[in-house]
Amino acid sequence: MADRDVLELENAEEFGDAGDMELGDESISKLKEKAKRRKGRGFDGSAVSRDDGEYERIDETDEGEPGPQRSIEGWILFVTGIHEEAQEDDIHDKFSEYGEIKNIHLNLDRRTGFLKGYALVEYETYKEALAAKEELDQNDILGQTIAVEWAFVKGPRKSGRKSRR
C-alpha cells in the first residue's frame, strides 16, 4: 500500500460533474497537471502522526545497577547445554521443583526435529527463578551439564570468554 501513488486534486470543480464520461486527451492532461503526486505514508495529511499517541515506558529508577532484569511478564532463565533428545517434560520436571513455571520455550531444529540445545524458562517471581538458577546451574539433565543464566541482564556481561569479532 505504501507504494501506491496518491493523487490530490486542488481544483476538482473545474472538471465538471462525474456524469460526463467523455474525457479527451486535453482534459486528461489538464487533470494530471492539477493533481499533486505524493507517495507513501509520510506526507502531510496522513492519517496519524507518531507523536500523537501515548506510549508506555519502562521505569529506569535503578540506573547503573547491574543485575537481572524482569521481562514484561516474569523472570526468564536462559538454559544452555540441554541434550538434543530432551523433552519439554524433562525440563519442566526439573525446573518445577523450584516454583510454578509460567512458560517454557524449547526451540527445535527444523531439519532434525531435535532441540537446538537451549531453553527459556519463565517464572512469576524473582525468588523462584533465583532458586532454580542457583540450584540447577552446572547440574545434569540426561547426562549433560546445563548452564542456567538470566535471560535479561542490565550492565556488563560476566563472561570469561573473549568477545567474537
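With which residue does E124 form a salt bridge in which the closest N and O atoms are 3.8 Å apart? In this predicted model, the partner of E124 in that salt bridge is R70. The pair connects distant parts of the chain, with E124 placed in the loop between β6 and α3 (126–136) and R70 in the loop between β3 (67–68) and β4 (75–80), 54 residues apart.

The protein chain contains three helices and ten strands. Read from the N terminus on, its elements follow the order β-α-β-β-β-α-β-β-α-β-β-β-β. Of the 165 residues in the protein chain, 19% are buried.

Strand β6 (residues 115–123) takes part in two of the pairings described here. Strand β5 (residues 101–108) runs antiparallel to β6, and six bridges join the two strands. Within this pairing, L106 has A119 in β6 as its bridge partner, while the bridge partner of H105 in β6 is L120. Strands β5 and β6 form a hairpin with six residues between the strands, and in this hairpin G113 takes a positive phi near 85°. Strand β4 also pairs with β6, again in the antiparallel sense and over six bridges. Here L77 stands opposite V121 in β6.

The structure holds two salt bridges. Besides its contact with R70, E124 forms a salt bridge with K102, and in this pair the closest N and O atoms are 3.3 Å apart. This second pair also links distant parts of the chain, since E124 lies in the loop between β6 and α3 and K102 lies in strand β5, 22 residues apart. Through salt bridges that share partners, R70, K102 and E124 are joined into one network. In general, side chains of opposite charge can pair when their charged atoms come close.

How accessible are the members of this network? E124 counts as partly exposed because its relative accessibility is 39%. K102 likewise counts as partly exposed, at 39% relative accessibility. R70 has a relative accessibility of 40% and therefore counts as partly exposed.

With a relative accessibility of 49%, D93 counts as partly exposed.

G155 is placed in the segment after β10 (153–154). Between G155 and P66 there are 89 residues of separation in sequence, but the C-alpha to C-alpha distance is 4.4 Å. G155 counts as partly exposed because its relative accessibility is 47%. A second pair consists of L130 and W75, which are 55 residues apart in sequence and 9.0 Å apart in space, C-alpha to C-alpha. L130 is located in helix α3. The relative accessible area of L130 is 24%, so this residue is partly exposed.

Positive phi values also occur in residues other than glycine. Q138 has a phi near 70°, a positive value, and is not a glycine. This residue, Q138, lies in the loop between α3 and β7 (140–141). Q138 counts as exposed because its relative accessibility is 53%, the cut-off for exposed residues being over 50%. L142 is likewise not a glycine, yet has a positive phi of about 55°. The position of L142 is in the loop between β7 and β8 (144–145). With a relative accessible area of 48%, L142 is partly exposed.

Technical notes: Residues are numbered from 1 along each chain as its sequence is written. This is a predicted model: local features need pLDDT of at least 70, side-chain atom pairs count only at pLDDT 80 or more; totals for chains, interfaces and linings use all residues. Side-chain values use heavy atoms; hydrogens and water are left out. Buried means under 20% relative accessible area, exposed over 50%, partly exposed in between (1.4 Å probe, protein chains only). Two strands pair if DSSP finds at least two bridges between them. Helices (H or I, at least four residues) and strands (E, at least two) are DSSP runs, numbered from the N terminus. A salt bridge is a side-chain nitrogen of Lys or Arg within 4 Å of a carboxyl oxygen of Asp or Glu.
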